[in-house]
Amino acid sequence: MNSQKVEAILGWGAVAAGASAALYVLFGPRFAGTEQQQVVKGLENLGNTCFMNSILQALSSNDCFVSWMDKVARNMPQSIRSYMPMTVGVQQVLKALTTSHDNRTVHCPEVLLQALSSHGWSTGGEEQDAHEL
């Protein structure tokens, strides 16, 4: 295939992708029958915690994981909760991100940062990537 044909195919592919995106934005799914507008909740950056926040945001979009964490937290005996600050912290942050009756759009993940600190982990004031958590 010559380069002119490849360029033409790529050009028409880009036009089709752009048109598809525009149609989706204009005529895509609507939340019919809902009184309140969908709100995307976020997490406050507590000093180089954007990597941790991105992981938590990704986990909060996984309904199965959020349900599992809720079940774990509900079934956890009170006597061992203080020994499992990571589990409790993750569950609390995920609940804050996925609870619809809370009108706040920014939540503070400090409880999880404290749990990480209790295990000897700290940001050390350095930028880090999500895979380094």
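Modeller: Ile80 has a relative accessibility of 33%, so it counts as partly exposed. That class lies between buried (under 20% relative accessible area) and exposed (over 50%), using a 1.4 Å probe and protein chains only. A word on the basis: this is a predicted model, where local features need pLDDT of at least 70 and side-chain atom pairs pLDDT 80 or more, while totals for chains, interfaces and linings use all residues. Residues are numbered from 1 along each chain as its sequence is written, and side-chain values use heavy atoms, without hydrogens or water.

Ile80 sits in helix H4, residues 78-81. Helices here are DSSP runs of H or I with at least four residues, strands are E runs of at least two, and numbering starts at the N terminus.

Now the helices. H3 (residues 63-75) and H5 (residues 85-98) have axes that come within 9 Å and cross at roughly 130°. Axes are lines fitted to C-alpha atoms, for helices over the stretch in contact, and angles between N-to-C directions run from 0 to 180 degrees. H3 and H5 are therefore oblique to each other. Under 35 degrees is roughly parallel, over 145 roughly antiparallel, 65 to 115 roughly perpendicular, and the rest oblique. The crossing of H3 past H5 is left-handed: the near helix is turned anticlockwise from the far one by less than a right angle, whereas clockwise would be right-handed.

Trp68 lies in H3. Trp68 is partly exposed, at 47%. Its C-alpha is 9.3 Å from that of Gln91, 23 residues away in sequence.

H5 also packs with H6 (residues 110-118) at about 165°, axes 8 Å apart. H5 and H6 are therefore roughly antiparallel.

Step back to the whole chain. Six helices and two strands make up its secondary structure. Of its 133 residues, 26% count as buried.
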